Amino acid sequence: MKFSLKLFSVFGIPIELHISFLLLILVIYVAAFLGYIPLYLALLITLLFVTVVIHELAHSYVAQKYGVTIDRIVLLPIGGVSAMEEIPKDPNQELKIAIAGPLTNILIAFFCFIALLIIGGTSALSISSLFITYTPTADLTLFLSNFLGVNLVLGVFNLLPAFPMDGGRVLRAYLARKMNYVDATKTAATIGKQFAILMAIAGIFLNFFLILIALFIYMGAEQEYRAILVSSMLEGFYIKDIMTKDVHTLTPDTTVSEALYTMFQQKHMGYPVKDQGNLVGIITFHDISKIPEDERNIPIKDIMTKKLILANPNDPVADTFEKINRKGIGRLPVVENNKLVGIVSKTDIIKTLEMLDAKNKLQR
Ligand SMILES: [Zn+2]
């Protein structure tokens with residue numbers, strides 16, 4: 001993610017701190033040192049940070065067991081985000097990945113409670129002490145009761161059935177045993193959005209952060225539902241079904257202005273670049289538009305993208321669409337046995353979706 005700083009790695013997963021979170025921590029510590037807020041508040045935020053890391057690592061640990069690649073964990077002020085390649089659609093696996101986070105927090109809270117029992121510090125526990133009762137002289141009892149509180153709150157909060165929060169994912173996995181995946185997601189997303197509205201209303205009276213979280217839940221629920229709907233509509237379609245087979249290519253020595261002319265003539269926004277039959281790059285209108293008009297006599301090999309992301313004719317369209325969106329690219333050359341056999345663009349996929357949608361409406 002942009003604007004984030006790598007802290008360290010656990011299980012080979014980089015843990016990154018988003019700049020907004022870094023600033024928040026800095027501001028809080030500076031305020032604490034200047035005496036504007038008590039130091040315990042700064043310590044509590046640090047505990048929260050540790051707890052969120054543990055929570056995300058628990059998700060990632062289980063996900064890795066199912067072969068999911070975790071790119072990184074990014075910590076934002078509203079919580080952590082595990083950047084996973086793709087969440088498994090097997091309800092059982094999803095359920096275990098989703099529940100691992102909150103369950104770990106609840107377990108930690110439980111161990112803190114046991115430890116407090118052993119050292120005879122349970123008297124420090126009361127509803128208010130779960131949050132903020134630190135005296136500046138932090139001792140073990142207070143540390144344990146605060147760590148317990150933070151873990152309990154985070155664990156229970158995430159278990160709310162507000163999709164796409166963990167509890168909502170558990171709900172979807174449960175529903176997916178009784179109905180198809182799209183309907184299960186639709187139901188979970190609808191419940192998630194209702195929760196978000198309630199949370200936003202509560203936020204007006206309680207805490208501004210709740211409104212922010214509600215907004216993320218609402219948008220997340222809608223986005224994930226759409227993504228699932230799209231991938232189910234595209235099921236059974238392969239790249240070979242929708243790709244453009246008659247590919248126009250350019251050579252590396254074509255000048256930028258020649259390439260631009262071809263683009264206007266043929267109305268394609270991107271071209272694979274071939275050198276003696278071999279695919280060596282791709283040039284897009286976007287690449288060209290960055291070159292000032294008086295410098296467009298340079299060959300396109302100087303500005304083309306050489307590190308290519310490719311598609312195979314037998315790739316499912318849904319997977320390719322996900323890849324295109326995730327990487328933010330417009331088109332992929334389609335290659336089979338090291339030979340360029342076609343090109344597929346985001347527009348091609350969206351057109352396919354529009355046609356499928358129109359067809360569905362006609363049948364209704
Ligand atoms: Zn979680």
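A residue is called buried when its relative accessible area is under 20%, exposed when it is over 50%, and partly exposed in between (1.4 Å probe, protein chains only). The model is predicted, so local features need pLDDT of at least 70 and side-chain atom pairs count only at pLDDT 80 or more, while totals for chains, interfaces and linings use all residues. Residues are numbered from 1 along each chain as its sequence is written, and side-chain values use heavy atoms, with hydrogens and water left out.

**Exercise 1.** Describe the salt bridge between Glu94 and Arg172 and its surroundings.

Step 1: A salt bridge requires a side-chain nitrogen of Lys or Arg within 4 Å of a carboxyl oxygen of Asp or Glu, and the side chains of Glu94 and Arg172 meet at 2.5 Å, N to O.
Step 2: Glu94 belongs to helix α3 (residues 91–119) and Arg172 to helix α5 (residues 166–175), 78 residues apart; helices are DSSP runs of H or I with at least four residues, numbered from the N terminus.
Step 3: Both Glu94 and Arg172 are buried.

**Exercise 2.** Which residue forms a salt bridge with Glu224?

Step 1: The partner is Arg169, with the closest N and O atoms 2.5 Å apart.
Step 2: Because Glu224 lies in helix α7 (residues 208–233) and Arg169 in helix α5, the pair ties together parts 55 residues apart in sequence.
Step 3: Glu224 has 22% relative accessibility and therefore counts as partly exposed, whereas Arg169, at 12%, counts as buried.
Step 4: Glu94, Arg169, Arg172 and Glu224 are linked in a network of salt bridges.

Conventions
Helices (H or I, at least four residues) and strands (E, at least two) are DSSP runs, numbered from the N terminus.
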